[in-house]
Structures are given as structure tokens and as C-alpha cells.
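Let's take a walk through this model, stopping at a few helices, one loop and the charged pairs that link them. Keep the sequence and the 3D view open as you read.

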Amino acid sequence: MKTFPRFSIIIPTLQEEGLISETLAQFTDRMRRDFCVEVIVSDGGSSDKTVCLARTGADVVVERFPGAPENISIGRNHGAKSARGEVLVFLNADVRLPDTDAFFRHVIATIENDHVVAVTCNVLIYPHEERFADKFFHTIFNKYFYLLNVLGIGMGRGECHIMRREVFERVGGYNEILAAGEDYEMFVRLRRIGRIAYLRDLHVYESPRRYRRFGYFRILVLWFMNGIWAMLFKRSFSRQWKPVR
């Protein structure tokens with residue numbers, strides 16, 4: 001029987017009682033066993049039922065007290081400290097995998113290449129909530145992120161980051177100073193030490209909640225400004241990346 005590398009799925013949460021149960025349910029006991037997967041929820045001080053629900057579906061729940069410093073970088077780093085896997089998979093709390101078995105088989109085949117330090121993929125909107133504007137925007141943006149990797153700059157959309165544990169530790173994890181733009185800054189550092197595999201035939205789904213609340217134009221401007229600020233000034237343009245629930 002083929003031995004797979006052990007995977008640690010790390011999901012940062014904050015006030016995610018509406019989505020966390022369904023997110024965790026996709027990682028069945030059979031799948032966790034077959035692909036050597038553990039699921040870690042790293043909560044940033046939720047006051048709703050997030051932690052209670054996470055305890056029923058995650059293997060490990062990492063909690064921090066309300067009022068403690070928190071952003072998505074801190075949440076991911078705290079989750080990684082409890083991880084036992086050789087490969088770390090960082091997913092947002094609203095991310096869905098269309099086929100978990102195919103996802104892990106594809107990632108395993110890619111990450112086994114010693115020259116690959118990180119893996120990322122396309123991000124789309126939940127099919128049952130997708131509108132024409134969603135499809136148009138994400139098709140273009142996914143191609144743009146792919147191009148950044150072709151050009152050697154490096155980029156992985158924050159919804160799905162996959163990397164070897166030793167590489168994560170080597171680069172020092174996510175920059176906890178950054179409230180936003182941390183995904184771009186992280187992958188720029190990763191690109192300096194190895195190849196990033198952008199799997200164009202692999203995708204994950206996310207909720208459209210942020211795009212519905214703020215609109216694509218505003219979000220696009222914020223993404224651009226946060227990326228520039230992270231590279232030039234080592235800080236975020238946005239002082240806080242507010243959760244949308």
C-alpha cells in the first residue's frame with residue numbers, strides 16, 4: 001500500500017458558526033484515514049458557536065482569548081504550531097473542495113517533486129451562488145495569478161495555500177504584522193527558495209459574501225494596495241481586514 005505524506009489542514013476562523021460545520025464535514029473519516037489527513041481549526045476568539053461546532057468536526061481546535069492580537073496570519077501560524085503533518089494545507093473557513101480525493105491525489109503527485117516548495121490553484125465561487133460577474137472576475141484573476149507565477153514573482157490566492165512544513169518553517173511562517181496582503185508577501189518569499197506549482201486544472205470554491213458586501217471594484221483596489229504596501233513598506237495598507245458574515 002502506497003504511503004502518503006501526512007497532511008495538516010489548517011483553517012483559521014473568527015465568527016464562522018454559519019459555515020464551519022459544512023466546511024469540516026467535507027473531510028470525512030474515510031478520507032482522513034486514506035490520505036493521512038488531520039484537520040486543525042485555529043480560532044481567533046470567536047464569541048459565537050464556532051469553537052463548539054469545530055470541536056465536533058476537527059481533530060484539533062486551537063483557541064485564543066477574545067482581545068488577543070489577531071489576524072489571518074496569526075491564525076494560520078498558531079494552527080501550524082499544532083500541526084504534525086509534513087505538508088500544510090491552509091484553507092479559509094468558507095472553502096469547499098469539489099472532490100477531496102482528487103484534490104489530494106493531485107497535490108501529492110505535485111508536491112512529491114523536490115523542486116516544488118508550494119502549491120496553489122484556481123478559486124471560484126460556489127456554483128449555486130455564482131453570477132456572470134463572479135465567473136468573469138475570477139476567470140481573469142485566476143489567469144493573472146497564474147501569470148505571476150510564470151513570471152517568477154510568485155502568488156497564491158489566500159483561499160488555498162499548500163506548502164511543505166520544512167519550507168514553512170524555513171521562511172518563518174506568515175508575516176503577522178500584515179492584516180492583509182499576507183498571501184502575496186508569503187508567496188514572494190517562497191518563490192525565492194523554490195518553484196511554486198499553480199495547478200490550473202484544480203480549483204476550490206469560496207463564498208461570494210465579501211464580493212456581495214463590498215463589490216469587486218473596491219476589493220480589487222484593496223488587494224492591489226495591500227500587495228504594494230506589503231512589498232514596499234512591509235505593512236498592510238488596510239489596518240484591519242474586517243470579517244464579513
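**From a surface patch to the charged pairs**

Start at Val-150, which sits in helix α6 (residues 132-150); helices here are DSSP runs of H or I with at least four residues, strands are runs of E with at least two, and both are numbered from the N terminus. This is a predicted model, so local features need pLDDT of at least 70 and side-chain atom pairs count only at pLDDT 80 or more, while totals for chains, interfaces and linings use all residues. Residues are numbered from 1 along each chain as its sequence is written, and side-chain values use heavy atoms, with hydrogens and water left out.

Val-150 is exposed, at 52% relative accessible area (buried is under 20%, exposed over 50%, partly exposed in between, with a 1.4 Å probe and protein chains only). Together with Leu-147, Leu-151 and Ile-153, Val-150 makes a nonpolar surface patch of about 360 Å². Patches take residues with over 30% relative accessible area and no salt bridge, joining like charges within 9 Å and nonpolar side chains (Val, Leu, Ile, Met, Phe, Trp, Tyr) within 5 Å. The areas themselves come from the Shrake-Rupley method with a 1.4 Å probe, and for residues only the protein chains shown count as cover.

Now hop over to helix α3 (residues 50-57), where Thr-50, Val-51, Ala-54 and Gly-57 are buried. They share one side of α3, because they cover an arc of only 125 degrees around the axis, taken from the directions from the helix axis to the C-beta atoms. The buried residues of α3 pack against β1 (7-13), α1 (20-25), α2 (29-34), β2 (37-43) and β3 (60-63), where contact means heavy atoms within 4.5 Å. Cys-52, Arg-55 and Thr-56 are exposed, on the face turned away from that buried side.

Next up is Arg-96, in the loop between β4 (87-91) and α5 (100-111). How accessible is Arg-96, buried or exposed? At 10% relative accessibility, Arg-96 counts as buried. Beyond its neighbours within four places in sequence, its contacts include Leu-19, Tyr-126 and Tyr-205. The Arg-96 side chain also reaches the backbone oxygen of Asp-94 at 3.4 Å; a polar contact is a pair of N or O atoms within 3.5 Å, and within protein one must be able to donate a hydrogen and the other to accept it, with residues adjacent in sequence counting only if both atoms are side-chain atoms.

Arg-96 also meets Glu-22 in a salt bridge (3.6 Å, N to O), that is, a side-chain nitrogen of Lys or Arg within 4 Å of a carboxyl oxygen of Asp or Glu. Glu-22 belongs to helix α1, so the pair ties together parts that are 74 residues apart in sequence. Glu-22 is exposed, at 52%.

The Asp-101 side chain makes a polar contact with that of Arg-30 at 2.9 Å. Arg-30, partly exposed at 35%, also forms a salt bridge with Asp-34, the closest N and O atoms being 3.2 Å apart. Those two are four residues apart in helix α2, about one helical turn.

The structure holds 15 salt bridges, and Arg-6, Glu-38 and Arg-84 are linked in a network of them.
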